[in-house]
Amino acid sequence: MSTYVYGITTGSHPSLPDGMEGVGEPARQVRIIKEGDLAAVVSDAPEGLRPKRRDLLAHQNVLAETGAAASVLPMRFGSVSPDDEAVASVLAERADHFKERLEALSGKVEYNVKATHDEEAVLHRVMSENPEVRSLTEANRQQAGGGSYDDKLRLGEVVVAAVQHREVEDAAELQRALEPVAAAMSVGPESTGWLANLSFLVERASAEDFIAAVEEVRKAQPHLEVRLHGPLPPYSFVEPGPSEPAETHH
């Protein structure tokens with residue numbers, strides 16, 4: 001039977017609560033596979049697992065219980081290995097990497113920050129900041145019917161370009177404001193509707209400082225809608241991200 005993997009921790013990790021249950025219906029019993037100095041928190045994998053609310057919560061609960069006692073590398077929902085032996089061999093093969101990551105992520109959590117523009121507010125901002133937009137708008141206003149079709153088209157193109165430029169600037173500014181209060185940053189996949197999708201690795205002890213920095217951005221940039229999600233297990237930092245290169249061993 002294939003093996004469902006919740007996370008990786010140290011071999012010296014305190015044992016899990018008795019009878020702890022994971023994904024599946026009926027829920028599968030959670031157990032530990034030890035290999036050298038490492039351990040994987042696993043259960044049997046249910047067939048045809050789908051990301052239903054019950055199973056997503058079960059996955060998160062196992063990680064929360066494991067992470068409460070010691071550092072854990074969280075695997076994303078749906079991580080399945082052919083069997084226990086395959087899990088043990090991955091622990092052995094990548095032991096140095098997993099140990100380095102466990103140390104790097106100890107005492108840290110992840111916060112995801114997504115930002116988008118408030119359309120009306122950003123248009124006001126573009127109008128006030130961009131001389132070309134202002135002059136074209138004024139010129140069109142003074143003409144009968146608000147200017148010719150070509151004039152309106154030109155204004156539309158200039159506004160779109162100015163808003164896109166603002167998106168790039170705002171994404172960079174968000175990054176600049178939050179990176180100093182985080183231990184590491186990972187850029188998430190670009191998704192429609194968001195001008196920024198960033199994950200930050202934050203010391204659990206200084207999470208309040210990070211949340212306060214997000215609030216500062218909200219106050220300073222009222223044309224931005226900023227969503228904060230967390231604290232989360234540090235999913236985005238199990239593999240070293242682009243802003244945190246892996247150490248090279250000679």
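Tyr4 is buried (under 20% relative accessible area, against over 50% for exposed and in between for partly exposed, using a 1.4 Å probe and protein chains only), with a relative accessible area of 0%. Tyr6 is buried too, also at 0%. This is a predicted model, so local features need pLDDT of at least 70 and side-chain atom pairs count only at pLDDT 80 or more, while totals for chains, interfaces and linings use all residues. Residues are numbered from 1 along each chain as its sequence is written, and side-chain values use heavy atoms, with hydrogens and water left out.

Now for the rings. Phe, Tyr and Trp rings (for Trp, the six-membered one) pair if their centres lie within 6.5 Å; planes under 30 degrees apart count as stacked, over 60 as edge-to-face and the rest as tilted. That rule gives four aromatic pairs. Tyr4 and Tyr6 make a tilted one, 4.7 Å centre to centre with 55° between the planes. Phe200 and Phe210 are tilted as well, because their planes sit at 50°, with centres 5.2 Å apart. Ring pairs also tie Tyr4, Tyr6 and Phe77 into a cluster.

Both Phe200 and Phe210 are buried. Of its 21 residues, Val113, Leu174, Leu178, Phe200 and Phe210 touch the most other members. Apart from it lies another core of 19 residues, including Ile8 and Phe237.

Methods. Core = buried A, V, L, I, M, F, W, Y, C linked by side-chain atoms within 4.5 Å.
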